[in-house]
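Bear in mind throughout that the model is a predicted one.

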Amino acid sequence: MANVVVVGSQWGDEGKGKIVDWLSERADVVVRFQGGHNAGHTLVVDGNVYKLSLLPSGVVRNKLSIIGNGVVFDPHAFVAEVAKLRGQGVEITPDNLKIAENTALILSLHRELDGFREDAASNSGTKIGTTRRGIGPAYEDKVGRRGIRVMDLADLDTLPAKVDRLLTHHNALRKGLGHEEVEHEAIMQELTSVASEVLPYMDRVWKVLDDSRKAGERILFEGAQGTLLDIDHGTYPFVTSSNTVAGQAAAGSGIGPGALSYVLGITKAYTTRVGEGPFPTEQVNEIGEFLGTRGHEFGVVTGRKRRCGWFDAVLVRQAVAVNGIKGIALTKLDVLDGLDEIRVCTGYMLDGEKIDYLPASQGAQARVQPVYETLEGWKETTAGARSWNDLPAQAVKYVRHIEELIGAPVALLSTSPERDDTILVTDPFQD
Ligand code: IMP
């Protein structure tokens, strides 16, 4: 039975929410495997809009939804998101939502540290432009082996020593940065006050997934952010703090890589990014404004205006390789409707040489100049198209050309935020 991994093939915000929702109807289990409540997934179901940050999209469709160990988990953000969704009529219980016991927690001191660093870096011009949700500092503590994990909330005898160890590190850091130290009691209170609302959902997720797999159930792995934000493969240091690529679905949930049969790369028909960092095809002009306005390019989590530019086939081709993408879901084609001409980046010039990949170093990434091909646009609308025949010939040409440039076929084409406005070429669960 096929299991599907969904990843973003650009800098996030490719429209994963709708595609994951579309696929989750065909799935039995939906799993988050990295990131935290820095993600923002918008789902439109029967005209109702749901905005999710931490919970897997499957909760909206009452599928078994799992937060895997690769996620960093803010328990207070969790309680707030559950309450908000329940207020919208979504049923959330320990039967349909499970959190891996070995998931690392995000605490208030992580959020504060994220903010302190971004503020200090703003003054020196070196900020990352994070979501300020404590994601990076929480991963640092996890890898530094001083993190507090979900299971620790159930062991109040050993928790105080763990909090002490964490504070030894953080208070030294805070002092050095000129900030107040954190009291042991404050962190204990922060944790114990929320334990009873988190612990009912705690489970041995690797076992739940093993049982599902053996029972032949369909598992959907829901990636957050995008490939160019991956801690190893992205535009470092302007990245998030987790591996966002498809391979992480295995390690971040506790399943073998052989269970990941189809990798679907969600790909926007143009390019956007939020935060700082290189963006070779960025258009700081009326084209960028057009794409941003037409595409409603504002962050779900922070409300920030996204930077916009032409489609960059170099980046997506690289994403196809590092994720093992079998097919893409192309989104927001309709945003390009009405343009006289459309540009596509097919390579870069770097120090006088033509290259066909994104170089790894920060300096080289900042120096690359895009090489464009110009394609004719189309005047008709593609919004709401439900078959290839509904698309203008030039739009089909654009899609076919993208497939050729990136070396992967379009499996799904999304033509509006509505779930039914989707053209299916290949069902990833059947492939
Ligand atoms: P962090 O993940 O909050 O540490 O932020 C690091 C970088 O990742 C920043 O450029 C953020 O804007 C970006 N980022 C984090 N989450 C998302 C997302 O869900 N979509 C797009 N960008 C994101």
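The stops below go from the sheet to a helix lying across it, then to a single serine and finally to a pair of helices.

Begin by selecting the ten strands that form an open sheet of mixed pairing, which in order are β9-β7-β5-β2-β10-β1-β11-β15-β19-β20. At the edges you will find β9 (202-203) and β20 (422-424), each with a single partner strand, so that one side of each is left without a neighbour in the sheet. Within the sheet, select residues 4-8, which make up β1, and follow the five bridges that join this strand to the parallel β11; here Val5 stands opposite Val263 of β11.

Next, select residues 205-214, helix α7, which lies across β2, β5, β7, β9 and β10 and runs at about 140° to β5.

Now select Ser253, in the loop between α8 (248-251) and β11 (262-268). Ser253 has a relative accessible area of 1%, and because buried means under 20%, it counts as buried. Beyond its neighbours within four places in sequence, Ser253 is in contact with Val31, Gly68, Asn69, Val205, Trp206, Leu209 and Phe221.

Finally, select helices α3 (108-124) and α4 (135-143), which pack at an angle of about 120° with their axes 7 Å apart and are therefore oblique to each other. Their contact is made by His110, Leu113, Asp114 and Arg117 of α3, together with Ile135, Pro137, Ala138, Glu140 and Asp141 of α4; by type, these residues divide into four nonpolar, one polar and four charged.

Note on methods
Residues numbered from 1 in each chain as written. Predicted model: local features only at pLDDT ≥ 70, side-chain atom pairs only at ≥ 80, totals over all residues. Heavy atoms only, no water. Helix = DSSP H or I, 4+ residues; strand = E, 2+ residues; numbered from the N terminus. Buried < 20%, exposed > 50% of the residue type's maximum accessible area, 1.4 Å probe, protein only. Contact = heavy atoms within 4.5 Å. Axes fitted to C-alpha atoms, helices over the stretch in contact; angles between N-to-C directions. Parallel < 35°, antiparallel > 145°, perpendicular 65-115°, else oblique. Nonpolar A, V, L, I, M, F, W, Y, C, P; charged D, E, K, R; others polar. Pairing = 2+ DSSP bridges.
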